[in-house]
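Dear colleague,

I am passing on the structure that we spoke about, with some notes on what was found in it. Please have it open beside you while you read.

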Amino acid sequence: MKNYKKNQSYRELMEDLALAVEKEFFYEAIFIEYAIFEDRTESLIRHSKLEHNLTPKEFDLYNKINLIINAQEFKSFYCNKHEIVKILNEVNDWRKVRNKLIHDLVNTDFTSDDVKEIAIKGYELVTKLNNKSTLVNAYFDAKNK
């Protein structure tokens, strides 16, 4: 996808996420948040030029997070300063709770308040990861010129 189209799609997705949270469509918010986490982790890997041997099937959020947090490239002073690994560990914790909810929706013990809490936490993490991944990606772009 061309950069301008992706930027437009991303902007619309962020607007949809904000609206979903505002209107209390928390399942929709969680769905969008997960997609954004998938995109942001892929972007971090691409900009860092991190080599991996993950197959397309293995290139999921769990494996992307683990790849990043274990990579030497993300242990630099700059990445530590922006707490990218810390944020991704929080995203991974969120992912586990989200998976428990989504994959056993019918039999889940989660209440409406729990779903709201997951959505709000995801929204906060999306905001953090968006801000920090932009900075870290720019760092890697400059470093890899």
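Why does Ile102 count as partly exposed? The reason is that Ile102 has 31% relative accessibility, where buried means under 20% relative accessible area, exposed means over 50%, and partly exposed lies in between (1.4 Å probe, protein chains only).

Before going further, please note that this is a predicted model, in which local features need pLDDT of at least 70 and side-chain atom pairs count only at pLDDT 80 or more, while totals for chains, interfaces and linings use all residues. Residues are numbered from 1 along each chain as its sequence is written, and side-chain values use heavy atoms, with hydrogens and water left out.

Ile102 sits in helix H5, residues 84-103 (helices are DSSP runs of H or I with at least four residues, numbered from the N terminus). Together with Tyr27 and Leu105, Ile102 forms a nonpolar patch on the surface, with about 260 Å² of accessible area in total. Such a patch is made of residues with over 30% relative accessible area and no salt bridge, its nonpolar side chains (Val, Leu, Ile, Met, Phe, Trp, Tyr) being joined within 5 Å; the areas come from the Shrake-Rupley method with a 1.4 Å probe.

Leaving aside neighbours within four places in sequence, Leu88 is in contact (heavy atoms within 4.5 Å) with Thr41, Leu44, Ile65, Ile68, Ile69 and Leu129.

The structure also holds 6 salt bridges, each a side-chain nitrogen of Lys or Arg within 4 Å of a carboxyl oxygen of Asp or Glu. In one of them Glu38 pairs with Lys64, with the closest N and O atoms 2.6 Å apart; because Glu38 lies in helix H2 and Lys64 in helix H3, the pair ties together parts that are 26 residues apart in sequence. Both Glu38 and Lys64 are buried. Another salt bridge joins the side chains of Glu90 and Lys121 (3.6 Å, N to O), and Lys86, Glu90, Lys121 and Lys128 are linked in a network of salt bridges.

Notes: Patches are made of residues with over 30% relative accessible area and no salt bridge: like charges are joined within 9 Å, nonpolar side chains (Val, Leu, Ile, Met, Phe, Trp, Tyr) within 5 Å. Helices (H or I, at least four residues) and strands (E, at least two) are DSSP runs, numbered from the N terminus.
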